[in-house]
Amino acid sequence: MEAGHGPESQAAVGGSLGASLCASGASWPCAGHLVVGCTLRRLVPGRCGRAKACLAGSGGELRTVEPLEYYRRFLKENCRPDGRELGEFRTTTVNIGSITTADGSALVKFGNTTVICGVKAELATPTEDSANKGYIVPNVELPSLCSPRFRSGPPGEEAQAASQFIADVIENSQIIEKEDLCIANGKLVWVLYCDIICMDYDGNLLDASAFALLAALKNVQLPSVTINEETGLSEVNFKQKNPLMIRKHPVATSFAIFDDTLLIVDPNAEEEDLATGTVTVVTDEEDRLCSVHKPGGSPLTGAKLQDCISRAITRQREVKKLIDKVINSIKPK
Amino acid sequence: MRERAAAPLPSRRDQWEAAVLREAKMAAGSGCCLRPFSCELGLLSRPDGSAAFLQGDTSVLAALYGPAEAKGNRELPERVALEVLLRPKVGLPGVGERSREQLLRRTLEAVLLGRLHPRCGLSLSLQVLRDGGSLLSCCLNAACMGLLDAGLPLASLFCGVACALLPDGSLVLDPSSQQEKEARAVLTFAIDSAEKKVLMASTKGSCSMEEMQQCIAAAQSAADTIFQFYRDSIRRRYSKS
């Protein structure tokens, strides 16, 4: 079942392509700032003065031969080789509604990490025991084009673990009430297939996927469906579309643990390989923890986890502001 | 084929389960609200280490092979290549099992001294025998006991503890399936024995920050009981032979 093509959707495309906004992450703990405009790459390496000082000297050879030592030099000065502070995110860009054949879509970039999410809505019959609940089916794909570490073929462990993580985020945060997806109790419900595809893997896949999912779900427009009394068949009205009711806005924040003690936010691929552990915290706007995902790695005390959660709460506010700004900027049809 | 293999298993499982429960003198149940737990070490003859861990109604069997030659391109030049396989009681492993395998593998890699066995492979297979709640914590405990039985050098021990937050605000450790269904959040932690820090965390449902800190504190105090039980089990095993 395709979303309608026509003059309305064309206008939506034009409006939304211009609605990409960038936000550069905040240095911990001051407030972030939003930059309205359509530039894709704002990150300037060596912006941090101390990073420039560390780069002087035998930077090049050390990076290939002893990457961990190279990183430690920067971490001692509380900064990173790409010029960011330890608590700073990469430039976040979001572009909504670019896929016209999907019912909702979003493209998210965290620096080089690019993730696209497309949501397709289909009709289905519900199960007996939950007759008034629809379904949301997420799927994360890591095709071989995004990184040389992924081979083509059946989904590997990382893709499956990411799919399970996104399914847990949807379930735990109650982002959409499944009852809202019900059309006719016991007969017809909506199924939302959310396909999250990574196009460029530069670390921090979970944050980008969760963000893309949230943005795409906010963009979904479902056609209205009525059941004809006489024939019992469903009639879909493409001219009349309603947005989804998004109840919560869960946002994921990932940290990498270095040398069992240091926590850095938004790791890129190189940092993830050198890290001794990772933590991902998902919070919503009521400061409730929807998920704390720490798959092994260096042990952390409760206090360190508390620091991560505080940072995640700040990040949730920034991301929510960004999404609201983008959604409001799309020209109404 | 699966039916033929399944037929002898229940009776054998019932036999050793009954034997274990008869002779196990477990320490739990009295002070720290965990369900009665017990374990049997070295029950399988082929693997290098095997353990069965029973927590209330949940039981998981762990079998460890290695360190042996790593398969194909899994070989890592400086440390051991660990593989974890989790098989559910019914059906084929799905996305949920793969996610749990990743959690277990990365927890084990944090405690295992992998650099002592470069270019070797280690394979841990876990079979869920019965799921009566707190499955992930039971898998963690079975995995740790399997490592101990195989005699692999570890940086520290670890144990799995699950906490459920019930709708009335109370905290229950080691919840049963019924309690898990009623709970608004279930948090599973892996606590290490050296400094009682959190090695692994996995949550279901949402909770507030304070509730999570309470759960971590409760898990850390329950971990003492489990570590004492590990020591008693190993002592009992080696004092018999």
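These legends cover close-up views of the cores and cavities in a predicted model. Local features need pLDDT of at least 70, side-chain atom pairs count only at pLDDT 80 or more, and totals for chains, interfaces and linings use all residues. Residues are numbered from 1 along each chain as its sequence is written, chains are lettered from A in the order written, and side-chain values use heavy atoms, without hydrogens or water.

**View 1. The largest nonpolar core has 135 residues.** A core joins buried Ala, Val, Leu, Ile, Met, Phe, Trp, Tyr and Cys through side-chain atoms within 4.5 Å; buried means under 20% relative accessible area (1.4 Å probe, protein chains only). Leu192(A), Leu217(A), Phe189(B), Met212(B) and Tyr230(B) touch the most other members. Helix α6 (residues 209-240) of chain B gives the largest share, 13 residues. Helices are DSSP runs of H or I, at least four residues; strands are E, at least two.

**View 2. The largest cavity has a volume of about 50 Å³.** A cavity is a set of points on a 1 Å grid over the protein atoms alone where a 1.4 Å probe fits but cannot get out; lining residues have an atom within 4 Å of a point. The volume is the space filled by probe spheres set on the points, joined across faces, edges and corners. Strand β6(B) gives the most to the lining, three residues. Asp174(B) and Ile226(B) are among the lining residues.

**View 3. The second largest cavity holds about 40 Å³.** Helix α6(A) supplies the largest share of its lining, four residues. Phe110(A) and Arg315(A) are among the lining residues.

Note on methods. Buried means under 20% relative accessible area, exposed over 50%, partly exposed in between (1.4 Å probe, protein chains only). On a 1 Å grid over the protein atoms alone, a cavity is a set of points where a 1.4 Å probe fits but cannot get out, and a pocket is an open set with protein on both sides within 12 Å along at least five of seven lines; lining residues have an atom within 4 Å of a point.
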